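Welcome! Let's take a friendly walk through some aromatic rings and the helices around them. Please have a look at the structure first.

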Amino acid sequence: MKILIINGPNLNLLGKREVNVYGNQSFESFFTAVQNKYSNINLEYYQSNSEGKLLDKIHEVGFTFDGIVLNAGAYTHTSVALADAISGITTPVIEVHISNVFKREKFRHHSYISPVCVGTIAGFGLDSYILAIESLLLKETENNNSPS
């Protein structure tokens, strides 16, 4: 199984940025622990602050990977282009947010990508990513156990 975690703008600053909201762990150290926990699957990670690069990555893996875990950051609330990219691929995408966006500013309450994702997980800190991976693994198990 191949899963790609994609992080959008400013998430490269995890561990340094607004630690009261996002915690003090860098994503790189978290990702290493996640790779160790899920050593039986191929986990990859990509981060960009550029909307176009995020689109390109979704297009690149959107027909060959088994799942995408996407934290689009601020683009969640602004990007029709990301929603269109997700709509155009066959790989299931799960939207994640570290914070509970509904406890934050009102503009964060709307997501352009939620309607085209399999589901949304928010508010569980970095564990939101683990919950998304578990969901993709569960879906894969269900698909493998269903009668043909």
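Predicted model: local features only at pLDDT ≥ 70, side-chain atom pairs only at ≥ 80, totals over all residues.

How are Phe27 and Phe31 placed along helix 2? They are four residues apart in this helix, which covers residues 27–37, so about one helical turn separates them.

The model has six aromatic pairs. In one of them, the ring centres of Phe27 and Phe31 are 6.4 Å apart and the planes meet at 20°; planes under 30 degrees apart count as stacked, so this pair is stacked. Ring pairs also build a cluster, whose members are Phe27, Phe30, Phe31, Tyr45 and Tyr129.

Now for the helix packing. Helix 5 spans residues 127–145, and its axis comes within 11 Å of the axis of helix 2, crossing at roughly 30°. Helix 2 is therefore roughly parallel to helix 5. The crossing of helix 2 past helix 5 is right-handed.

Which residues meet where helix 2 and helix 5 are in contact? From helix 2 come Phe27, Phe30, Val34 and Lys37, and from helix 5 come Tyr129, Ile130 and Ile133.

One more ring deserves a look: Tyr46 has the charged end of Lys57 sitting over its ring, 4.9 Å from the ring centre.

Notes. Residues numbered from 1 in each chain as written. Heavy atoms only, no water. Phe/Tyr/Trp six-rings, centres within 6.5 Å; stacked < 30°, edge-to-face > 60°. Helix = DSSP H or I, 4+ residues; strand = E, 2+ residues; numbered from the N terminus. Lys NZ or Arg CZ within 6 Å of the ring centre and 35° of its normal. Axes fitted to C-alpha atoms, helices over the stretch in contact; angles between N-to-C directions. Parallel < 35°, antiparallel > 145°, perpendicular 65-115°, else oblique. Left-handed = near helix turned anticlockwise from the far one by under 90°. Contact = heavy atoms within 4.5 Å.
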